[in-house]
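Dear colleague,

Here is the structure we talked about handing over. My notes on it follow below.

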Amino acid sequence: MTTVTVVGSGVAGLCCAYYLLQAKYQVDIITASDGPDQQCCSWWAGGMLAPFCEQESAEPLIETLGHESMSFWQSFASKQQIEYHANGSLVVTAPRDRSLLRQFSEQTQGAQAVGSDAISQLEPDLAHFKNALWFEHEAHLEPRIFTQALWRSCQELGASIETSRRVSEAQFKDLQTNSDWLVDCRGLAASDVLNDLRGVKGEMLHLYCPDVSLQRPVRFLHPRHPIYLVPRPNNIFMLGATMLEVNASKRATVRSVLELLSAAYAIHPAFAEAEILEIGVDARPAFDDNLPKVRVDANRLYVNGLYRHGFLAAPAIARRVTDYIDSGLRCNEVFDANYS
Amino acid sequence: MIKNNALKLYGETLSSRLLLGTAQYPSPQILIGSIQSSATQVITVSVRRESGTSRDGQRFWQLLKQSNCKILPNTAGCRTVKEALNTAQMARELFNTDWIKLEVIGNDDTLQPDVFGLVEAARELCQQGFKVFPYTTDDLVVGEQLLAAGCEVLMPWGAPIGSGRGLQNPKALESYRHYFPEIPLVVDAGIGLPSHATQAMEIGYDAVLLNTAIADSGQPTLMAKAFAHAIEAGRFAYLAQPIAQRDMAQPSTPVAGTPFWIS
């Protein structure tokens with residue numbers, strides 16, 4: 001039986017492990033954390049599945065991967081009986097910045113401009129907005145529930161799991177010898193060997209706000225800080241996220257938190273009374289073009305650079321990794337040709 | 001006769017008259033592509049947000065360095081003199097340069113400069129040996145005080161930062177040009193279209209500094225090229241001395257000897 005060692009238990013590692021297990025490989029997962037936890041940047045993700053909105057700044061590849069990943073998440077959710085919300089998403093802005101809505105709709109596809117009637121039907125709590133963009137075919141999920149479900153499924157499908165183990169480069173050589181394939185999904189921890197990998201700092205909050213109810217993610221456009229709010233069960237909201245070209249600091253700054261909270265307050269004044277449950281910080285692993293890549297080094301595959309598109313890209317990337325291990329098929333869009 | 005002197009900023013001779021900001025691009029790769037297609041030689045880098053406290057191992061910084069551009073660190077987002085001074089000192093250490101683009105922001109909505117704080121911070125920084133590029137309004141008296149403080153370049157705004165509105169008060173910017181004929185002048189902020197940059201160059205500005213107009217456009221590398229051409233066009237037009245406006249038509253083909261009719 002062909003053996004594959006997957007290193008890393010973020011959304012990239014777990015998706016690869018899950019796809020490989022489905023394809024009947026023997027999979028060993030090694031992770032420095034205790035499974036999906038706050039050490040992975042997936043833990044802090046928004047979980048917006050927004051292939052259309054992401055077109056505003058991302059390359060077309062993200063849209064392609066995004067649609068495929070969304071089908072995966074949807075069917076995974078129904079198998080696992082966890083909630084996948086196919087409720088679309090809304091984009092709003094302050095009245096004085098409404099030119100940003102026009103620009104956003106020009107830089108994306110699939111937006112419907114809606115007025116206050118449609119807004120108040122979709123989201124009664126946002127009836128004070130006069131204009132919005134409605135992206136009907138987007139979705140969202142709760143990252144922590146989904147990575148935990150993946151973790152459990154991998155165990156049920158027979159993966160062997162070793163937690164709290166940080167693999168050194170010397171140990172990688174042994175692993176490469178002892179298993180047929182090695183899939184390195186360590187995110188930023190791989191920057192010692194991937195020297196063009198960088199961290200993009202992100203800060204987010206979880207808020208508890210019983211006075212507001214939303215069915216779908218809301219993006220709030222602002223000239224300087226585009227910010228989003230993703231509803232979670234029980235009146236909890238994920239508010240994110242900054243994007244800073246820094247990988248030094250592990251703590252949130254006052255300025256970032258002020259900016260995020262001001263945006264929440266601008267979306268609905270009731271957020272003034274919300275309780276802050278959590279302030280999270282991590283760094284997203286990214287390559288220079290902000291696109292995910294698979295790099296092949298003999299029987300070691302580096303899967304990295306998912307940037308802010310972890311949930312949008314991971315299943316589609318995992319499928320391509322499995323295809324490659326199965327049959328040598330290289331998807332040129334994600335396999336890095338400049339790397340050997 | 002206007003001479004086409006090369007642009008000199010604090011002794012640095014530059015062939016490109018575009019100073020480019022490095023924030024908000026879709027990816028570092030697109031930023032680098034835009035730097036290349038704009039042919040800029042000076043890039044501004046926001047100190048507070050992009051550099052942290054250490055630049056060790058930072059890919060973003062490594063890429064900026066590889067662009068071979070002169071780095072102009074920016075005190076973007078500073079609201080007090082003290083904050084701006086600290087940021088400038090941090091920038092000098094981080095980027096190993098005495099150049100500093102000085103912003104002291106007086107109003108969060110319009111991001112307009114606090115000109116009082118600006119003059120005070122400029123005076124202190126010049127004394128400390130910094131080469132200060134002050135982001136200011138088109139007020140002549142403030143300009144004079146910045147020069148008295150030791151600045152050798154002035155950067156009046158075209159419009160509020162990121163607004164993309166173009167030159168809101170071209171007459172004031174023209175007076176500014178005439179009032180400071182020998183000082184290198186850069187229009188900083190508010191540019192939205194290449195034609196806005198052309199207009200600034202046509203009225204005799206030495207250079208244009210911008211960021212959002214390229215970074216937030218649909219295709220930044222292409223827009224960067226458009227700006228490079230526009231700035232060159234405006235510069236050439238200025239050197240070529242445009243005709244004066246007239247109230248009446250003046251045919252470009254002589255009419256003598258051609259038939260005409262009176263209805």
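A:Ser42 touches A:Gly10, A:Val11, A:Pro143, A:Thr147 and A:Phe311, leaving aside residues up to four places away in sequence; contact means heavy atoms within 4.5 Å. This serine sits in the loop between E2 and strand E3 (48-49) of chain A. A:Ser42 counts as buried because its relative accessibility is 10% (buried is under 20% relative accessible area, exposed over 50%, partly exposed in between, with a 1.4 Å probe and protein chains only).

This is a predicted model: local features need pLDDT of at least 70, side-chain atom pairs count only at pLDDT 80 or more, and totals for chains, interfaces and linings use all residues. Residues are numbered from 1 along each chain as its sequence is written, chains are lettered from A and ligands numbered from 1 in the order in which they are written, and side-chain values use heavy atoms, with hydrogens and water left out.

Chain A has an open sheet of 6 strands in the order E8-E2-E1-E9-E16-E15, with mixed pairing. Strands here are DSSP runs of E of at least two residues, helices runs of H or I of at least four, numbered from the N terminus; two strands pair if DSSP finds at least two bridges between them. E8 (160-162) and E15 (293-297) of chain A each have a single partner strand, so one side of each is left without a neighbour in the sheet.

E2 (residues 26-30) of chain A runs parallel to E8(A), joined by 3 bridges, and A:Ile30 stands opposite A:Glu162 in E8(A).

Regards
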